Amino acid sequence: MANMTTSQKQDWAKTLFIKENLTQGEIAERVGVARATVNRWVKAGKWEELKAGITLTNEEQIASLYRQVAELNKKIMFQSTH
């Protein structure tokens with residue numbers, strides 16, 4: 001691990017986070033960084049959203065987008081009537 005750059009470690013941690021069912025502590029141990037570092041990377045890189053996007057089927061992603069559009073339309077209609 002010592003030969004890896006921070007960027008390489010972060011990329012490896014991201015891959016482990018998204019594709020494996022590991023805790024941040026387990027990822028930190030494998031990559032050779034502190035758990036707090038992995039936690040910071042997860043938040044800064046919005047890995048939770050990436051993981052959710054990858055694990056959802058196309059149909060689930062489309063349904064989610066339709067719900068979001070419907071919610072936006074409701075807000076727009078509400079604003080235009082008030």
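## Exercises on a predicted helical model

Apart from neighbours within four places in sequence, Trp41 is in contact (heavy atoms within 4.5 Å) with Thr6, Lys9, Gln10, Ala13, Val33, Lys46 and Trp47. The model is predicted, so local features need pLDDT of at least 70 and side-chain atom pairs pLDDT 80 or more, while totals for chains, interfaces and linings use all residues. Residues are numbered from 1 along each chain as its sequence is written, and side-chain values use heavy atoms, without hydrogens and water.

**Exercise 1.** State which residues of α2 are buried and how they are placed around the axis.

Solution. 
- Helices are DSSP runs of H or I with at least four residues, numbered from the N terminus; α2 covers residues 24-31.
- Buried means under 20% relative accessible area, with a 1.4 Å probe and protein chains only. The buried residues of α2 are Gln24, Ile27, Ala28 and Val31.
- Because they cover an arc of only 100° around the axis, they lie on the same side of α2. The arc is taken from the directions from the helix axis to the C-beta atoms.
- An α-helix has 3.6 residues a turn, so residues three or four places apart point the same way.
- The buried residues of α2 pack against α1 and α3 (35-45).

**Exercise 2.** Classify Gln24 as buried or exposed, and list its contacts beyond four places in sequence.

Solution. 
- Gln24 has 17% relative accessibility and therefore counts as buried.

**Exercise 3.** Describe the aromatic pair and the charge over one of its rings.

Solution. 
- Rings of Phe, Tyr and Trp (its six-membered ring) pair if their centres lie within 6.5 Å; planes under 30 degrees apart are stacked, over 60 edge-to-face, and the rest tilted. The count by this rule is one pair.
- Phe17 and Trp47 form this tilted pair, with 5.8 Å centre to centre and 50° between the planes.
- The pair links distant parts of the chain, 30 residues apart: Phe17 is in α1 (residues 6-19) and Trp47 in α4 (residues 47-55).
- Phe17 counts as buried at 5% relative accessibility, and Trp47 counts as buried at 3%.
- The charged end of Lys51 sits over the ring of Phe17, 5.0 Å from its centre; the rule asks for NZ of Lys or CZ of Arg within 6 Å of the ring centre and within 35 degrees of the ring normal.

Note on methods:
Helix = DSSP H or I, 4+ residues; strand = E, 2+ residues; numbered from the N terminus. Buried < 20%, exposed > 50% of the residue type's maximum accessible area, 1.4 Å probe, protein only.
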